[in-house]
Amino acid sequence: MIEAGLWGFVGGSALILGALIAWFVRLPQRLIAGVMAIGSGVLISAVAFDLMDEAFRQGGFDSTAIGFLGGALVYTVANVVISKRGARHRKRSGFNEEESQPHADGGGGLAIAVGALLDGIPESVVIGVSLLGGTGVSTVTVAAIFLSNVPEGLSSAAGMKKAGRGAGYVFGVWTGIAIASGLAAMLGNVALASAGPEVIAAVTAIAAGAILAMLVDTMIPEATEATHDYSGLIAVVGFLLAFILTKSGG
C-alpha cells in the first residue's frame, strides 16, 4: 500500500515540476510538444501491452471490453463538463495567447487543476492495481504518467499566474493534487487487494479506456499542433522505447 502511494505521488509530482518550470522559465512550444509526442507513444504502448493485455489475461474479453468502453464513456462525460468550465486545453503549454485558457481570470486555472485530477485518478489506480501481483510497479506506466503530467502542470500554472494567483496558491493546488494521486494509488491497491480476477480486469480496463480517451482528446492535439509532420515519428520513438522496456521486464 505504501509503495503504491509513493509511486502514485511520483507520477503526480510531475505536475509540480511542470508548475515550477512555468513559473520560472519560458520553454519553446516545440520542445513541450515533443515531450507530449513522446508521452503519447509511451502511453499508447502502456495501454496496449500493460493494461489491456493484463486485463484480458485476468478477466477475459467480456470484462475487458465492458470496462474499456465504460472508462472511456465516463471520462468523456466528465471531460465535457470540465472543458466547458475552462479546462479544454489543460495539457497545452499555455504560452501561446491563442491557446490560453478562455476563462483564466474567472477560475479557468482551477478548472484545469480539477481536470488534471480527473486525468490522474485512473492513472493512479492503475499504479495501485499493478502492485497486486507482487511483481513490482510497471516502469513504462509510471514513465508515461510522468511525461503526460509535466505539460499539464505547465498549462495550469501559466493560466493561474496570468490570472494573478500567488505562488502559494498555485503550488498548494498542485501539491494537493500530487498527494491525491498517491492516495488514489493506495486506495486502488487496498480496495482491490481481495477482489477477483474479473473485477481487477474490469477496473484495469476502465482505467485503460479513460487514459486512451484522455490521450486522444488532450495530448495528441498538443503534440501535432507544434511539431506537425514530426509528431508521428516522435510518438513512434516513444512507443518503441516503452515496448522495449515492457519486453525486457520493465
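Start by selecting Val-190, which is partly exposed, with a relative accessible area of 43%. You will find Val-190 in helix H5, the element that covers residues 167-191. Keep in mind from this first stop that you are looking at a predicted model.

Next, zoom out and colour by secondary structure. What will you see along the protein chain? There are seven helices and zero strands, so the order of elements from the N terminus is simply α-α-α-α-α-α-α. Of the 250 residues, 49% count as buried.

For an example, select Ala-33 in helix H2. Is Ala-33 buried or exposed? Ala-33 counts as buried, because its relative accessibility is 0%. Then pick Pro-151 and draw a distance between the two C-alpha atoms: they are 8.6 Å apart in space, although Ala-33 and Pro-151 are separated by 118 residues in sequence.

Stay in helix H2, which spans residues 29-87, and move along to Thr-64. Thr-64 also counts as buried, as its relative accessibility is 4%. Which residues does Thr-64 touch, leaving aside its neighbours within four places in sequence? Show Met-52, Ala-55, Phe-56 and Ala-205, and you have its contacts. Look closely at Ala-55: its backbone oxygen lies 3.3 Å from a polar atom of the Thr-64 side chain.

For the last stop, colour the model by pLDDT. The protein chain averages 79, and 84% of the residues score at least 70. Compare two helices: confidence is highest in helix H1 (residues 2-24), at a mean of 88, and lowest in helix H3 (residues 108-130), at 71.

Finally, select residues 94-107. Here pLDDT stays under 50, and the model has 33 contacts beyond four places in sequence for this stretch. Where pLDDT is low, the predicted coordinates should not be read in detail.

How values were computed: Residues are numbered from 1 along each chain as its sequence is written. This is a predicted model: local features need pLDDT of at least 70, side-chain atom pairs count only at pLDDT 80 or more; totals for chains, interfaces and linings use all residues. Side-chain values use heavy atoms; hydrogens and water are left out. Helices (H or I, at least four residues) and strands (E, at least two) are DSSP runs, numbered from the N terminus. Buried means under 20% relative accessible area, exposed over 50%, partly exposed in between (1.4 Å probe, protein chains only). pLDDT is the predictor's confidence in each residue, from 0 to 100. Contact means heavy atoms within 4.5 Å. A polar contact is a pair of N or O atoms within 3.5 Å; within protein, one must be able to donate a hydrogen and the other to accept it, and residues adjacent in sequence count only if both atoms are side-chain atoms.
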